[in-house]
2 protein chains.
Amino acid sequence: MDYASAGVDIDLEGAAVASLVGALAKSVRPPGTPGAPVDLPGGFGGLIEFGDHLLALATDGVGSKLQIATMLEQWGGVGIDCMAMNVNDLLCVGAEPIAFVDYVAVPKPDPTIHAALGASLAEACRLARVTLAGGETASLPGIVHELDLSGTALGWLPKGQAITGEHLQEGDVLIGLPSSGIHSNGYSLVRKIVEHAGLAYTDAAPFDPTHPNRSLNRWTEGKPSLGEVVLNPTRIYCNPVVDLLNAAREEGGFNIDDIRAICHITGGGLSNLLRLHPSLGWDVHAPLPVLPEFDWLQKAGGVETREMYRTFNMGMGMVIAVRAEQANTVLKWLGERMTGVQIVGHVRNHGHRVTHALEGVEFSHY
Amino acid sequence: MDYASAGVDIDLEGAAVASLVGALAKSVRPPGTPGAPVDLPGGFGGLIEFGDHLLALATDGVGSKLQIATMLEQWGGVGIDCMAMNVNDLLCVGAEPIAFVDYVAVPKPDPTIHAALGASLAEACRLARVTLAGGETASLPGIVHELDLSGTALGWLPKGQAITGEHLQEGDVLIGLPSSGIHSNGYSLVRKIVEHAGLAYTDAAPFDPTHPNRSLNRWTEGKPSLGEVVLNPTRIYCNPVVDLLNAAREEGGFNIDDIRAICHITGGGLSNLLRLHPSLGWDVHAPLPVLPEFDWLQKAGGVETREMYRTFNMGMGMVIAVRAEQANTVLKWLGERMTGVQIVGHVRNHGHRVTHALEGVEFSHY
């Protein structure tokens with residue numbers, strides 16, 4: 001199986017997005033005024049000017065992971081997923097997330113769902129250290145079959161201190177931050193594989209999901225169910241990445257210029273790294289351990305290894321590229337705050353491609 | 001007919017939203033730091049601290065108006081609707097909108113739809129004078145039947161200069177700003193009435209839609225179709241309201257304290273005014289002329305007058321409450337920039353209710 005056969009036409013999506021973007025005009029807000037756009041490679045978060053600061057917006061939804069949550073009536077993690085997808089993107093430009101708004105669309109209002117979403121969003125705000133500054137709940141029976149959840153996060157940073165990737169150079173060290181599970185991408189393929197395997201999400205997971213780099217968000221007793229594993233909430237990297245950025249900007253030991261690039265591993269898997277620089281390459285020669293659900297998904301779905309790394313995070317949800325001289329200092333700093341952080345590779349001048357310890361895992365297109 | 005019989009259960013929606021809000025915790029961001037929440041009556045836009053400024057976020061979608069646009073394959077106005085619903089809310093707290101992000105959910109990507117949305121959002125950015133700082137297009141065949149479109153707007157204002165309604169007093173003058181049509185609320189009822197009337201949206205409008213306070217966004221030649229009237233884009237009030245706020249803050253003639261409250265007339269119609277003050281009343285004794293589509297909808301649907309004013313804007317999309325001494329100055333200023341602006345009533349100390357020139361149009365609950 002592969003992602004495209006799960007019903008996701010990446011080319012068609014690309015063409016559709018290109019149509020939308022192509023129709024957009026330049027901003028009417030002139031440089032130097034609040035709201036003027038700031039161009040930045042990578043495109044994780046949209047930056048605008050605001051006096052001595054830059055503000056960043058990110059907007060994203062939870063996607064088809066929601067369908068599994070709705071089927072199981074377990075919405076306790078989806079607010080965290082929604083938050084994570086947005087704030088993790090803001091971190092990539094060096095912004096500190098400060099506020100969030102949610103958009104909920106349902107066929108009809110359901111206090112049970114909304115109470116669960118509220119609790120999940122409150123937990124997400126605590127984890128991401130942001131204010132929930134508003135939200136909208138829309139009842140749209142003619143438009144949605146079932147719950148859709150998206151949101152927008154706002155972040156800020158001092159002007160001139162964006163993480164842009166422009167200072168990346170050969171030899172920079174890649175530090176990998178472990179993921180908590182599948183996060184919020186690739187669920188069309190997950191659902192297809194689970195269906196193909198003839199399993200219910202309420203069945204016990206057909207593998208041992210225990211892993212030192214993460215804990216599971218449980219709602220049953222006993223052996224973890226498949227649903228508990230695949231719905232485990234996306235990791236929010238604000239802690240420790242915001243603190244890392246602040247330490248780099250304020251305290252010395254390492255400098256903000258030492259943090260060369262930050263990459264949120266989302267849909268597209270490792271190929272996301274290619275967004276950060278137009279010509280340099282990325283060699284992930286010492287990858288983080290693969291979480292057990294990915295091994296099972298690959299086997300149960302007969303998915304090629306390369307396709308797995310192009311669809312899923314495979315155990316690494318964020319990559320921070322650091323100047324080689326400071327790599328051990330930053331690694332130690334991060335390691336004191338998060339379990340499982342390790343040096344996973346280096347920036348190389350071997351073409352605009354991602355290479356990997358596993359043969360055949362190589363990407364030259366995002 | 002009424003709004004509830006069109007399938008919208010306002011009480012259930014209220015209970016659902018209360019469940020969500022009730023589950024939310026206080027913000028973890030302490031007062032005085034970027035992102036700390038700022039409490040404000042009315043609740044149109046969510047305000048947070050940001051140094052010497054306040055930032056405001058608003059999030060909203062187009063709702064079931066989209067179903068008519070999709071049926072007619074006419075998406076040219078829905079980006080403007082989406083922008084308007086958000087930026088008009090920001091204006092109510094005295095914020096200048098500066099950036100916007102959109103969220104598009106479709107069952108599958110369609111370059112035709114996305115190109116139309118892109119063009120519509122570009123036009124909306126121009127009208128609202130904001131930067132499109134990002135967006136997300138999600139393909140969710142299991143979640144949405146057809147296009148859903150929502151967005152989030154970011155605005156700013158100087159600290160201490162929010163429009164809060166707290167200085168409202170008896171005798172303040174209400175200036176009404178004309179709407180361009182039905183805007184983006186009440187479409188469940190619109191659709192039910194059109195169906196009941198046995199009309200197609202491609203039929204010629206069964207009334208003369210000409211009105212000096214607005215022009216129609218046309219896509220046919222000849223007599224305007226019913227679809228062209230009901231899909232006319234929501235008016236974006238940034239021009240002239242942002243300029244009004246700037247003039248009040250900078251130039252003198254009138255002062256920001258003279259602008260006592262601003263109300264975006266959305267779902268709930270005139271009852272929205274009750275959100276602005278906990279005890280004062282609102283007497284709309286000289287209303288703006290009703291747009292012809294509302295007269296037709298009322299007659300064709302047999303809708304009670306009070307229900308019309310609780311569901312639709314009836315020709316007035318925004319109300320600005322101004323200190324009596326400055327009312328004529330502000331009216332003249334606005335009148336030079338927008339056709340059809342007039343004094344529509346006064347703030348009164350006659351209980352926490354809205355009264356109106358038409359008997360029976362009275363609201364004491366939002």
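**View 1. Ala99(B) stands opposite Thr131(B) in strand S5 of chain B.** The chain passes from S4(B) through helix H4 (residues 111–128) of chain B to S5(B) in a right-handed β-α-β crossover, where right-handed means that, with the strands pointing away from the viewer, the path from the first strand over the helix to the second runs clockwise. Strands S4(B) and S5 (residues 131–139) of chain B run parallel and are joined by eight bridges; strands pair if DSSP finds at least two bridges between them. Helices (H or I, at least four residues) and strands (E, at least two) are DSSP runs, numbered from the N terminus. The model is predicted: local features need pLDDT of at least 70, side-chain atom pairs count only at pLDDT 80 or more, and totals for chains, interfaces and linings use all residues. Residues are numbered from 1 along each chain as its sequence is written, and chains are lettered from A and ligands numbered from 1 in the order in which they are written.

**View 2. Strand S4 (residues 96–106) of chain B also pairs with strand S6 (residues 148–158) of chain B.** This pairing is antiparallel and comprises nine bridges. Within it, Tyr103(B) stands opposite Ser150(B). Eleven of the eleven residues of S4(B) are buried (20 or more other C-beta atoms within 10 Å of the residue's own; exposed, 12 or fewer; partly exposed, in between; C-beta atoms are placed from the backbone).

**View 3. Chain A meets chain B through 73 residues on each side.** Contact requires C-beta atoms, placed from the backbone, within 7 Å. H4(A) gives the largest share of the side of chain A that touches chain B, ten residues.

**View 4. Helix H2 of chain A has buried residues, including Leu66(A) and Ile68(A).** The cover over the buried residues of H2(A) includes helix H3 (78–92) and helix H5 (187–196) of chain A. Just after H2(A), Glu73(A) adopts a positive phi of about 55°.

**View 5. Arg129(A) and His183(A) are two loop residues of chain A.** Arg129(A), between H4 and S5 of chain A, has a positive phi near 60°. It is partly exposed because it has 19 C-beta neighbours inside 10 Å. His183(A), between strand S7 (173–178) and H5 of chain A, likewise has a positive phi near 60°, but His183(A) is buried, with 24 other C-beta atoms within 10 Å.

**View 6. A cis peptide bond joins Asn239 and Pro240 in chain A and in chain B.** Omega is about 20° in chain A and about 25° in chain B. Pro240(A) lies in helix H7 (residues 238–250) of chain A.

Notes: Contact = placed C-beta atoms within 7 Å.
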